[in-house]
Structure formats: structure tokens, C-alpha cells
Amino acid sequence: MIERMSTAERYAAILAELAAVDAAAATDGQRIDSLTWLERIKSAAAAAQARLTDSFAVSQREKLIKAGAKSQDASRSITAQVALARKDGPHTGSRHVGLAATLVHEMPRVLDTLGRGETSEWRCTIIARETAHLSAEQRAEIDAAIADQLHG
């Protein structure tokens, strides 16, 4: 049955299931286990958002530039759309687009770790921020060196 559902329908089913969680019906051990799994799910969702955001940004930039938009106007449009989709302001949308590009193109191992639910989006944001001044090659070295150490 789930195989025949659209992506949006599958996401809606997951959302409905999460909205129906009955914390009162669980033991404390089950609550802690659920918190752990929900954090992993949240991280995996953040990784999916990063991949989708970057793919959208690349696609939109190409279309907008081909249509005659200036680079700065294309960037504004892209970040505004991402912000709207994520229910954030334009400045935060810009940060989402930047983080997505960094993870997808310069730190794919860190992104994979996020996608497995082994680290948090916040930790990835800090890594991207603290390595922003480095070259792509240096970021790649750091990506390889730390990705396996981000869990826990």
C-alpha cells in the first residue's frame, strides 16, 4: 500500500502518526527511546531538506539566469522560496540555502552522517560556520576527518 502512495501522501502519513503520539501511554523507558528515534528522524529530515534545497537552488538559479534575471535577484528569489517553504524569514532562508550547498558540495560525509541520524542539524551548522573561511579542499579534508566522529 505505501508503495502506491505519493511522496506527499507518505510524508502526510508520517506527520499524522507523529501528531498522534500518546506520551501518557508510554513508560519512561519508551519515552526516552522515542525521543532518541525522533531526534534521529529529525536529523534525517534535515539531511533530506539540505539535498532538496540544494537541488532546488541549482535548478532555479539556472532557470532564472536563463530567463534574464540578475544573479542577486535569482538568489533572493531562491532564498525567499526556501524560507516560505520552511516557514522562516528570508535571512534564515539564505542560511538554509548556504548550509545545504556546503553540505552537499563540500562536506558530503557530514551530510551522510546527518542523514543517518547520527548528528544534528545544529552541529552541522556549527561545522559549516567554523570552516567557512577555509578552501573547498580544506573543508573536504575536515569532512573526511570528522564525519565518523560526529555520532553521540
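Residues are numbered from 1 along each chain as its sequence is written, and side-chain values use heavy atoms, with hydrogens and water left out. Because the model is predicted, local features need pLDDT of at least 70 and side-chain atom pairs count only at pLDDT 80 or more, whereas totals for chains, interfaces and linings use all residues.

## Overall architecture

The secondary structure consists of 7 helices and 0 strands; helices (H or I, at least four residues) and strands (E, at least two) are DSSP runs, numbered from the N terminus. Along the sequence the pattern reads α-α-α-α-α-α-α. The C-alpha trace spans about 55 × 35 × 30 Å along its principal axes. Of the 152 residues of the chain, 23% count as buried; buried means under 20% relative accessible area, exposed over 50%, and partly exposed in between, with a 1.4 Å probe and protein chains only. Among contacts with a separation of 6 or more, residues 24 or more positions apart account for 56%, where contact means heavy atoms within 4.5 Å.

Helix H2 covers residues 28-66, and its 39 residues should span 57 Å at 1.5 Å a residue. The expected span is 1.5 Å times one less than the number of residues. The end C-alpha atoms of H2 are 56 Å apart, which agrees with that expectation. Just after H2, Gly68 takes a positive phi of about 105 degrees.

Which residues of H2 are buried? They are Ser43, Ala46, Ala47, Ala50, Thr53, Asp54, Ala57 and Gln60. Their cover includes helix H3 (71-85), helix H4 (90-106), helix H5 (108-115) and helix H6 (121-130). Thr53, placed in helix H2, is buried with a relative accessible area of 8%. Not counting residues up to four places away in sequence, Thr53 touches Val82, His96, Val97 and Ala100.

Lys87 is exposed, with a relative accessible area of 76%. Its phi is near 60 degrees, a positive value in a residue other than glycine.

The axes of H2 and H4 are 8 Å apart and the two helices pack at an angle of about 100 degrees. Axes are lines fitted to C-alpha atoms, for helices over the stretch in contact, and angles run from 0 to 180 degrees between N-to-C directions. H2 and H4 are therefore roughly perpendicular to each other; angles under 35 degrees count as roughly parallel, over 145 as roughly antiparallel, 65 to 115 as roughly perpendicular and the rest as oblique. From H2, the contact involves Ala50, Arg51, Thr53, Asp54 and Ala57, and from H4, His96, Val97, Ala100, Ala101, Leu103, Val104 and His105. By class, the residues of this contact of H2 with H4 are 7 nonpolar, 3 polar and 2 charged. In this classification Ala, Val, Leu, Ile, Met, Phe, Trp, Tyr, Cys and Pro count as nonpolar, Asp, Glu, Lys and Arg as charged, and the others, Gly among them, as polar.

H4 and H5 have axes that come within 6 Å and cross at roughly 110 degrees, so these helices are also roughly perpendicular to each other. Leu103, Val104 and Glu106 in H4 meet Pro108, Val110, Leu111 and Leu114 in H5. The contact of H4 with H5 has 6 nonpolar, no polar and 1 charged residues.

## Salt bridges

The whole structure holds 9 salt bridges, each a side-chain nitrogen of Lys or Arg within 4 Å of a carboxyl oxygen of Asp or Glu.

| Salt bridge | Closest N and O atoms |
|---|---|
| Glu39 and Lys42 | 3.2 Å |
| Lys66 and Glu62 | 3.9 Å |
| Arg109 and Asp143 | 3.5 Å |

Arg109 is partly exposed at 45% relative accessibility, while Asp143 is buried at 0%.

Glu39 and Lys42 are 3 residues apart in helix H2 and are separated by about one helical turn. Glu39 is partly exposed at 34%, and Lys42 is exposed at 52%. Lys66 and Glu62 are 4 residues apart in helix H2, again about one helical turn. Lys66 counts as exposed at 71% and Glu62 as partly exposed at 48%.
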